[in-house]
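Subject: Model for you, with notes on salt bridges

Hello,

Here is the model I promised to pass on. Please open it alongside this message.

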Amino acid sequence: MKRKIRFILLTLGLLVFGQPNRAQQLPPIFADTPKQIVAARTIAEFPVNTFLENVAVDKKGDLFVNSYEDGKVYRVTTVGAKTEFAQITGKVAGIAFDKKGNLIISGVTIDKKAAVFRVDKSGKVEMLAIIEGAIFLNGVTHLSGDIFLIADSYKGAIWEFDARTKTAAVWLMDESLARANTSNPTPAVNGLKIYKNNLYATNTQNQKIFRIPILAGGKAGKPEMFAEKINGDDFAFDEKGNLFVTTHVYNNVVRIATDGKMTIIAAENEFVTGDTSLVFGRGRDKNAVFVVTNGGMSLPPTGGVQTAKIVRLEVGAGNSK
């Protein structure tokens with residue numbers, strides 16, 4: 001799926017923006033966004049054309065990173081020691097922990113069927129379910145108990161998945177989650193996170209973030225726009241409610257303060273080219289966010305696609321534990 005998306009994005013770059021294919025030649029939605037660049041350092045690198053897609057952090061503070069196209073899951077310490085943790089036969093997108101410390105991962109099987117997998121603490125893989133009617137499963141977040149919410153970027157929906165019964169149903173389908181232009185392969189609803197009993201969801205194609213109240217019984221309320229002119233892929237909240245957002249082809253990490261003000265805190269010089277996802281560290285690393293990248297695979301920078309990276313950004317005290 002993403003190989004096709006990448007090809008079409010590159011083609012669109014040539015047709016719309018001309019040569020060369022530069023993220024800076026995209027519509028300048030961040031042209032007037034102030035910068036407050038933070039300290040950054042690369043803690044781990046992967047070969048060129050590695051599509052690091054998503055990241056989760058366990059209770060010990062280790063990072064678990066999906067490599068989309070080859071179906072690998074890596075465990076990476078915050079000092080950069082990396083090991084291959086699991087191999088899924090297919091492609092992997094969203095990732096989240098269940099209450100027992102297992103990983104719940106969205107993706108597709110080798111025969112391109114939308115599926116949900118579980119990876120236990122030893123790295124053993126189990127395919128939990130194929131979700132009939134799903135198109136492009138993406139971001140995953142834990143709702144309650146054994147229930148997870150999974151973005152479907154092309155269906156314009158969020159699925160509710162029960163990891164115990166291995167069943168799924170549409171939790172919400174709404175125009176706020178859908179692609180405005182279905183001929184454009186850029187994902188719509190993408191990253192999902194819950195903060196203070198609201199689900200937040202990026203719509204990457206429409207460059208908006210929505211807030212969805214979680215009602216009694218875990219039902220979905222009516223979506224309301226939280227932010228616009230933000231090419232959000234994935235994101236994380238700090239403990240004060242500030243939002244830190246990856247922007248993928250825009251090669252920026254953006255902080256959205258509780259008053260709605262946007263600030264760029266990292267860009268290409270901070271090694272975040274092709275930033276797809278991020279997560280806060282734990283314990284002594286709680287004041288840092290760890291950003292995963294694909295090196296610009298979807299829209300290469302000058303000089304071509306770079307190595308994929310995990311980048312540590314020092315965002316300061318008062319953030320997530």
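Below are my notes on the charged pairs.

First, a caution: this is a predicted model. It holds 8 salt bridges.

Lysine 193 and aspartate 234
Lysine 193 pairs with aspartate 234, with the closest N and O atoms 2.9 Å apart. Aspartate 234 has 3% relative accessibility, so it counts as buried. Lysine 193, at 23%, counts as partly exposed.

Arginine 211 and glutamate 224
Arginine 211 forms a salt bridge with glutamate 224; their closest N and O atoms are 2.8 Å apart. Arginine 211 lies in strand β16 (residues 208-213) and glutamate 224 in strand β17, so the pair ties together parts 13 residues apart in sequence. Arginine 211 is partly exposed, with a relative accessible area of 23%. Glutamate 224 is also partly exposed, at 36%.

Arginine 312 and glutamate 314
Here the closest N and O atoms of the salt bridge are 2.5 Å apart. Arginine 312 has a relative accessible area of 10%; the cut-off for buried is under 20%, so arginine 312 is buried. Glutamate 314 is partly exposed, at 31% relative accessibility.

The network
Which residues are linked in a network of salt bridges? They are Arg118, Glu126 and Lys166.

Best wishes

Methods. Residues are numbered from 1 along each chain as its sequence is written. This is a predicted model: local features need pLDDT of at least 70, side-chain atom pairs count only at pLDDT 80 or more; totals for chains, interfaces and linings use all residues. Side-chain values use heavy atoms; hydrogens and water are left out. A salt bridge is a side-chain nitrogen of Lys or Arg within 4 Å of a carboxyl oxygen of Asp or Glu. Buried means under 20% relative accessible area, exposed over 50%, partly exposed in between (1.4 Å probe, protein chains only). Helices (H or I, at least four residues) and strands (E, at least two) are DSSP runs, numbered from the N terminus.
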